[in-house]
Amino acid sequence: MFDQRLMETPPEVLALNGRLLPFISNCYRQALQKLDDAYRASRPAAILVSNGRWAPNHVLDTFQDGIDEDAAVARIDRPCADATAFMQEILRSIGFDPSGMGLADLEKVLYLFLQHQRNNKRRTVIAIQYSDIPGWWVLDTVRRMVEQEAEQKFGLMVVLACPADASSVLDDPILDVINRQAGERIVLTPFSLTETLDFVRQCVAEMSSIDGSSEDVGRVFEFDSVSLIHEICAGVPDDVDKLCRKSLELVSGNENSRVSIDVVKDAASLANLSAELPETVADLPVLDTNPEAPGPGKLLIDSVGEDPEEIELQQGSILIGRDQLCGVCVAAVGISRFHGMILHTGLKVHFVDLNSTNGSCVNGEKVLRHSLQDNDVITIGSTRITYVAPDTEVCKSSAVDGNTGNTPTPDENLAMDSPVTRISRDLQLIRTS
């Protein structure tokens, strides 16, 4: 029987899609095919409906792995306090530092980025995934992005993944543009009993391989106990996963114990699954699989009438322009407000001109995009920016904490309302504002 240490998730397994078991059911395959079809057809939006969090997360992971390598993908998977925080999450996910930007500036930067992507025939996917119904500012922002995409064809696809009880909110007339552009909703149906059994079997096999034993699901679970797990969880993958592991935890260390109906009932009680299906999902940590990587290098800035400046580049992107919100702020003649950006993708660093009025040059030649090499000189107006590549030895770069800044907690009075009532009221505010 399993040892207690098998209940702990080893790093090498966690690194695989962020979850222990990358289990694909038939409903997942259908959802993946529909998402891929929507992407290939250049649909501006897609709606993915599912109970739980793990299932849509895994589907989105697999979908992302299969799209164009040069497509930009932003993943938003935590609540945002308002429209500004939501837009900050989008830009941060793409690679920009949105600190200090107001909503208008955030939308302008996103517009310029999408314009750059379109000019270079690259797609952009923004995947918004919540285990609860998104706030009205999320839905309204999605609506405006989809409207703009339908009119101007930037190559943007917004994937909205939300729980099944969001249907009544999504059917509101004010969100009709999302439904019209998304077409048929993609529904992740729960596991069938056979799929639940297959999942439990794979769970047992995975844990056995870690310990070097050869446990079979029939020796660990009584068949009726698997049926009970399926019934209690209504086939919802997140809850099947949770209840299966809690049941194994209760019998770990006892060689003669099997997961019986009574064990499953006890596990369901401990996991808060015995009465009703829970609305919350226990998240697993996602490890940084590459904590050490070559740094992007640095920029040496030489502007007329200003002291030379040196800027260490970080992972992601940095804006160059006259606006004080730019990471490289150059207040000089001939430079646009948002003139260009330094884009770090993998092991390469690029300079991108953001359709500036006077254009940009690298090593004396006018460019729209250029892969930077050591000592390349970017010229914008009268300013020279020299790119210095990192040392050949691996250097540690600062880890970007995706949880910087405290997200304000929702109003406690609103927490007493149901999500549907709360969102319906917010949508009414949109109509009257």
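Mentor: Buried means under 20% relative accessible area, exposed over 50%, and partly exposed in between, with a 1.4 Å probe and protein chains only. This is a predicted model, where local features need pLDDT of at least 70, side-chain atom pairs count only at pLDDT 80 or more, and totals for chains, interfaces and linings use all residues. Residues are numbered from 1 along each chain as its sequence is written, and side-chain values use heavy atoms, with hydrogens and water left out.

Trainee: How many aromatic pairs does the structure hold?

Mentor: Four. Rings of Phe, Tyr and Trp (its six-membered ring) pair if their centres lie within 6.5 Å; planes under 30 degrees apart count as stacked, over 60 as edge-to-face, the rest as tilted.

Trainee: Why is the pair of F96 and F113 called edge-to-face?

Mentor: The centres are 6.0 Å apart and the planes stand at 90°, so the pair is edge-to-face.

Trainee: What makes F96 buried?

Mentor: Its relative accessible area is 5%, and the limit is under 20%. F113, at 4%, is buried too.

Trainee: What kind of pair do Y111 and F154 form?

Mentor: Edge-to-face: 5.4 Å centre to centre, with 85° between the planes. Y111 is in helix α5, and F154 in the loop between α6 (136-152) and β4 (156-162), 43 residues apart.

Trainee: Why does Y111 count as partly exposed?

Mentor: Its relative accessibility is 24%. That falls between 20% and 50%, so the term is partly exposed. F154 has 2% and is buried.

Methods: Helices (H or I, at least four residues) and strands (E, at least two) are DSSP runs, numbered from the N terminus.
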